[in-house]
Amino acid sequence: MQCCGVVVAELAKARGTSLPFLPLFWNGCVVNYELSHLKTLESESIHIIREVAAEFERPVLLFSGGKDSIVMLRLAEKAFWPAKIPFPVMHIDTGHNFEEVYEYRDRRVAELGIKLVVASVQDSIDSGKQVEQKGPRASRNQLQTMTLLDALEEHGFDAAFGGARRDEEKARSKERVYSFRDEFGQWDPKNQRPELWSLYNGRHLRGEHIRIFPLSNWTELDIWQYIAEDGIEVPNIYYAHEREVFERDGMLLAVTEFVTVMEGEKPETRTVRFRTVGDASCTGAVESDARTVQQVIDEVSATRVTERGATRADDRASEAAMEDRKRQGYF
Amino acid sequence: MSELLRFATAGSVDDGKSTLIGRLLFDSKSIFEDQMASVADASERMGLEGPNLALLTDGLRAEREQGITIDVAYRYFATPKRKFIIADTPGHVQYTRNMVTGASTADLAIVLIDARKGVLEQSRRHAFIASLLRIPHLVIAVNKMDLVDYSEDRFNEIVEEFGSFAAKLDISDLTFIPLSALNGDNVVTRSEHMTWFEGSSLLHHLETVHIASDRNLIDARFPVQCVLRPQTEEFHDYRGYAGRVASGVFRPGDEVMVLPSGFTTKIKRIDTFDGEVDGAFAPMSVTLLLEDEIDISRGDMICRPQNQPTSAQDIDAMVCWLADETVLSAGSKLSIKHTTRTARAIVKNLKYRLDINSLHRDESAETLQLNEMGRVSIRTTLPLFFDEYRRSRETGSFILIDEATNATVGAGMILGET
């Protein structure tokens with residue numbers, strides 16, 4: 001049982017002249033009515049998730065196995081407990097993920113007893129809808145957009161939860177919690193709906209949909225502090241481990257079957273961890289000794305480089321790479 | 001335990017707002033090397049002499065190309081004392097729409113004034129919007145003090161000039177801070193150039209301003225978001241009402257009333273995933289379990305029998321119009337969203353349009369256009385359960401939605417029953 005009481009002076013101040021009613025609240029238990037920043041963020045996210053479940057016909061939660069979607073899934077679990085999460089989760093699978101991530105995904109979905117939809121980029125390629133990029137720098141990151149949009153359409157999903165945060169990237173810092181997408185899945189940053197108080201407008205026509213970002217106001221550090229506070233398990237690759245990596249464009253890429261090591265690139269074993277988890281072909285590792293949550297928090301607190309800056313080749317294409325991808329319907 | 005403080009900044013291109021935010025972020029080590037490198041890079045390509053910190057927040061392609069800020073940008077930083085969310089609102093284009101959006105959830109607003117120019121029309125506008133939105137704390141940052149030789153007299157002139165205007169507004173906490181964002185005077189640390197100033201630096205003020213009592217802990221209001229019925233073996237008869245406390249405090253054993261039905265019962269238990277709690281207050285998301293089985297659904301309001309919100313269909317509100325393709329006028333039919341309740345509304349009449357520069361009330365006005373605001377009477381298809389906006393931002397606010405385009409076209413702050 002959590003304890004919460006009242007600081008008398010504060011309540012008296014808030015109540016102004018209505019002091020006579022004070023003893024109603026007075027229960028001999030003195031803690032003040034304050035919420036920590038993590039609890040405040042948690043409550044805001046739960047409120048958003050419940051609004052979506054109540055107002056949309058077919059929501060879906062996009063789950064990548066990364067720490068943000070793991071936290072988002074936990075928040076969804078909290079929002080409806082003891083009932084089950086009333087919507088499925090969907091994984092846009094590039095086929096280029098780390099084994100640990102698949103294991104984690106399947107275990108978690110089984111625990112929660114919810115439906116998993118896998119939309120596979122490989123299937124899009126096999127069916128001739130998409131063409132695999134060529135060359136040693138080929139990545140399936142870009143291809144995810146079409147697979148995602150097709151899957152949303154196929155299943156008739158009208159709301160899709162994403163784990164994006166505004167602190168991640170400058171285009172994302174301008175995006176609403178409810179992000180309207182037209183029938184082509186496009187985001188129009190110049191024509192966003194005003195979003196006031198905690199009143200969200202999810203109205204849309206058939207064929208359009210809304211992306212929902214319940215973690216908009218969380219930072220990378222908040223996510224890790226929450227993982228620590230809540231005892232949330234994340235895939236091992238987020239913690240320091242030995243791995244064969246090579247350097248490309250200033251990033252450390254893991255040697256996997258999905259990337260081609262080019263001439264001059266020298267694979268070597270280093271102690272690394274992943275700050276973000278995405279397509280193995282464009283997600284870099286960072287050198288790190290952080291083997292526990294607390295060590296990760298210390299590392300994140302001290303870092304001088306953003307997580308995407310350190311680890312994402314996809315954002316390096318140009319100044320507005322993220323905005324351009326988002327306009328096309330990316331996460 | 002660190003608290004969360006949300007603040008909005010308002011200002012125009014030239015008054016140093018970006019520099020100030022850049023300074024706060026930089027000095028709190030919240031600007032990262034790769035962000036700085038990309039700003040330096042972009043500035044150089046634009047032919048600027050030094051890095052333009054505005055580029056940190058102006059992330060959209062169009063903003064960079066045109067050198068303007070289009071939309072509210074959110075920035076995050078933390079000190080050991082607090083976590084901060086900045087809603088950085090552009091001051092010039094669509095100022096009202098943007099500022100209203102960014103300021104609606106803010107605990108504090110910073111309005112920048114250029115010490116050389118003094119109180120401009122737009123400083124008054126920003127302060128007015130802050131007061132209208134009931135942002136509890138307002139900071140007037142008198143910037144560019146270095147360009148007026150850190151003059152105490154100049155600062156006092158501005159304090160006096162602004163103070164006489166602010167007296168006409170409803171501002172509960174007003175603080176003036178003289179600073180130089182460029183040189184860092186009174187931003188993070190107190191200035192050596194302005195020893196005459198006895199107040200604290202801006203960051204110190206942000207870290208210590210008392211926000212806990214800004215919340216309404218009196219009027220217990222719980223708009224029901226959804227009903228949780230697990231229907232599993234373990235929770236066979238479970239029926240929980242999920243929502244976020246809008247204001248006030250709820251405790252197990254409290255007698256409560258459900259609107260619109262008017263039935264009363266008692267709170268049996270307050271659940272969260274992490275266990276039962278013995279009290280829930282704003283803005284906690286919880287699940288209420290009641291002693292009696294009552295028909296309750298989304299859009300209903302749980303309150304206390306001796307302290308109920310107003311229940312009415314005829315409502316007066318200050319409305320800010322946010323659409324550029326349509327106008328508000330008598331007869332406009334719209335969808336209205338208030339707490340978790342959605343209804344339809346018709347505009348009965350526009351009582352006056354407010355000139356936000358002069359505060360003049362134009363009673364002959366027949367429409368509200370983009371960025372205009374005025375006092376409006378509406379009638380709704382269903383009763384809404386509301387409090388005055390000045391008493392509760394959560395139960396006193398609504399949005400208006402165009403039924404044809406689905407756009408959010410209006411923001412309303414309730415004054416009371418018509």
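This is a predicted model: local features need pLDDT of at least 70, side-chain atom pairs count only at pLDDT 80 or more; totals for chains, interfaces and linings use all residues.
Let's start in the middle of things.

How many of the nine residues of helix 5 of chain B are buried? The count is nine of nine, so this helix is mostly covered.

Chain B has an open sheet of six strands, arranged in the order 2-3-1-4-5-6 with mixed pairing. Strand 2 (73-78) and strand 6 (173-178) of chain B stand at its edges, and each has a single partner strand, so one side of each is left without a neighbour in the sheet. On average, neighbouring strands here are turned by 25° against each other, if you ignore direction. Helix 5 (residues 95-103) of chain B packs on this sheet and touches strand 1 (3-11), strand 3 (82-90) and strand 4 of chain B. The direction of the helix makes about 165° with that of strand 3 of chain B.

Which way do strand 4 and strand 5 of chain B run, parallel or antiparallel? Strand 4 (residues 108-114) and strand 5 (residues 137-143) of chain B run parallel, joined by seven bridges. You can find one facing pair by looking for A109(B), which stands opposite L138(B) in strand 5 of chain B.

The largest nonpolar core has 191 residues. Which of them touch the most other members? That would be A103(B) and A109(B). Even so, the largest share of this core comes from chain A: helix 3 (residues 67-80) of that chain gives eight residues.

A closer look at A109(B) ties several pieces together. Leaving out residues up to four places away in sequence, A109(B) touches F7(B), A8(B), A10(B), A103(B), A130(B), I135(B) and L138(B).

## Chain B, domain by domain

Chain B is divided into domain 1 (3-214), domain 2 (222-303) and domain 3 (310-417). The centres of domain 2 and domain 3 of chain B, taken over C-alpha atoms, are separated by 30 Å. Eleven residues of domain 2 of chain B are in contact with nine residues of domain 3 of chain B. On the domain 2 side, the largest share is three residues from strand 7 (residues 222-228) of chain B. Sorted by class, that side has seven nonpolar, three polar and one charged residues.

Strand 7 of chain B deserves a stop of its own. Six of its seven residues are buried, so the strand is mostly covered. Strand 7 of chain B runs antiparallel to strand 8 (residues 240-244) of chain B, with four bridges joining them, and V224(B) stands opposite G243(B) in strand 8. Strand 7 of chain B is also joined by two bridges to strand 15 (residues 301-303) of chain B, again antiparallel, and here F222(B) stands opposite I302(B).

## Over to chain A

The domain assignment of chain A gives domain 1 (1-34), domain 2 (37-220 + 321-328) and domain 3 (230-316). Between the centres of domain 2 and domain 3 of chain A, taken over C-alpha atoms, there are 23 Å. Here 24 residues of domain 2 of chain A are in contact with 22 residues of domain 3 of chain A. On the domain 2 side, helix 3, helix 4 (99-112) and helix 10 (321-328) of chain A each give two or more residues. The largest share, four residues, comes from helix 3 of chain A. The classes on this side are nine nonpolar, eight polar and seven charged residues.

## Where the two chains meet

Finally, the chains themselves: 58 residues of chain A are in contact with 63 residues of chain B. The elements of chain A that give two or more residues to this side are helix 1 (8-15), helix 2 (37-55) and helix 3. Which of chain A's elements gives the largest share? Helix 2 of chain A does, with nine residues. By class, the side of chain A that touches chain B has 23 nonpolar, 16 polar and 19 charged residues.

Terms used:
Residues are numbered from 1 along each chain as its sequence is written. Chains are lettered from A and ligands numbered from 1 in the order in which they are written. A nonpolar core is a set of buried Ala, Val, Leu, Ile, Met, Phe, Trp, Tyr and Cys residues joined through C-beta atoms within 7 Å. A residue is buried if 20 or more other C-beta atoms lie within 10 Å of its own, exposed if 12 or fewer, and partly exposed in between; C-beta atoms are placed from the backbone. Two residues are in contact if their C-beta atoms, placed from the backbone, lie within 7 Å. Domain bounds come from an automatic or database domain assignment. Ala, Val, Leu, Ile, Met, Phe, Trp, Tyr, Cys and Pro count as nonpolar, Asp, Glu, Lys and Arg as charged, and the others, Gly among them, as polar. Two strands pair if DSSP finds at least two bridges between them. Axes are lines fitted to C-alpha atoms, for helices over the stretch in contact, and angles run from 0 to 180 degrees between N-to-C directions.
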